[in-house]
Amino acid sequence: MKLEDIKKICVIGAGNMGHQISVCCALAGYKVSCTDLSQDMLDKAETFAKTYLPERVTKGKLSQVQADEALGKLSFTQNFEEAAGNADYVIEAAVEKIDIKRKLFADLDRITPPHAILATNSSFIVSSQVADATKRPGKVCNMHFFNPALVMKLVEVVQGAHTSAETAQVTMDLTAKLGKTGILLKKEIYGFLVNRILNAINTEALYLADMGIAAPEEIDLAVTNALGHPMGPFRLMDLTGIDLAYYSTMERYQNTGDIANKPSPLLVEKFTKGEYGIKAKKGFYTYD
Ligand code: 3HC
């Protein structure tokens, strides 16, 4: 399997990450089929593509031909078999629940052609946790994008002990073809590089807010103005999803039993209220 063998990419999940990864792949010239259980999510993803691409033309960042070609390469369907059945490369960006991912990988193994690579965009789950649900562990790896995926330049590729060198290489080549910078990790570690660093920042920011030392807006102001980050940790959690922050912290807490990993009261409160951030129009901030 080589980069040139990839003609069609299937993206599983039309949510926060999947819809932008789909557009990103279409802009790089791939036929893309994005699939989700929810028709509503698929409709939103399609509307995003139909709005975003013309906007890029208006901004002078894309020619009309490029936008039309990308749009022509995208399809959004609830039909999982139709989306994955003839895919050469699959990027799974579904909900961060291990049982669901394992079932998806078992189904993908059954449905996709034997040569297809199955990658997970999970934010923290290493691919060895899903590879053994397939009969092709050598073709399973992590390919982790950052939000917003159309903007952020980095992709973490994780080559687990089960992942073949060929799969890791093709994934790094695909990353470059998408215009991204790839980092190849040859050891699996929970949260990889970036989310481990981000988690340390978020944990401290939540602790300071929980202790009443400063309000989320003040902490964000401090981080943007003193450290030069484009967004403070609370605004960033609103962007990436408070549900995701909760699930990842909870999973880590359950796996380690370490009290230091217990989700902060403020995070639990936001999660319980369904205030997941931008997608819920309310998180640490309120959105129109
Ligand atoms: N979708 C697509 N494009 C977007 C966008 C979005 N949601 N938000 C902004 N953009 C684009 C704009 O179109 C613009 O593009 P252009 O310069 O080519 O015209 C460019 O980004 C800059 O946009 P703005 O001027 O409107 O806004 P900002 O300069 O404030 O940038 C930002 C917005 C890019 C989101 C910036 O604030 C940023 O980089 N924030 C940090 C994001 C970050 O840290 N991401 C990683 C999160 S961790 C993660 O994803 C882990 C995962 O596991 C969840």
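The legends below describe an overall view and several close-ups of a predicted model. Residues are numbered from 1 along each chain as its sequence is written, and side-chain values use heavy atoms, with hydrogens and water left out. Because the model is predicted, local features need pLDDT of at least 70 and side-chain atom pairs count only at pLDDT 80 or more, whereas totals for chains, interfaces and linings use all residues.

**View 1. Overall fold of the protein.** The protein has twelve helices and eight strands, taken as DSSP runs numbered from the N terminus (helices: H or I, at least four residues; strands: E, at least two). Of its 288 residues, 49% are buried, where buried means under 20% relative accessible area, exposed over 50%, and partly exposed in between (1.4 Å probe, protein chains only).

**View 2. The cis peptide bond at Pro148.** The bond from Asn147 to Pro148 is cis, with omega near 0 degrees, and Pro148 lies in the loop between β6 (140–144) and β7 (154–158).

**View 3. Phe192, a residue with positive phi.** Phe192, a residue other than glycine, has phi near 55 degrees and sits in the loop between β8 (181–185) and α8. Phe192 counts as buried because its relative accessible area is 0%.

**View 4. Lys281, after the helix α12.** In the segment after α12 (265–272), Lys281 has a positive phi near 65 degrees. Lys281 counts as partly exposed because its relative accessibility is 48%.

**View 5. Ile213 in a loop.** Ile213 is found between α8 (194–210) and α9 (216–227), and it counts as exposed because its relative accessibility is 59%.
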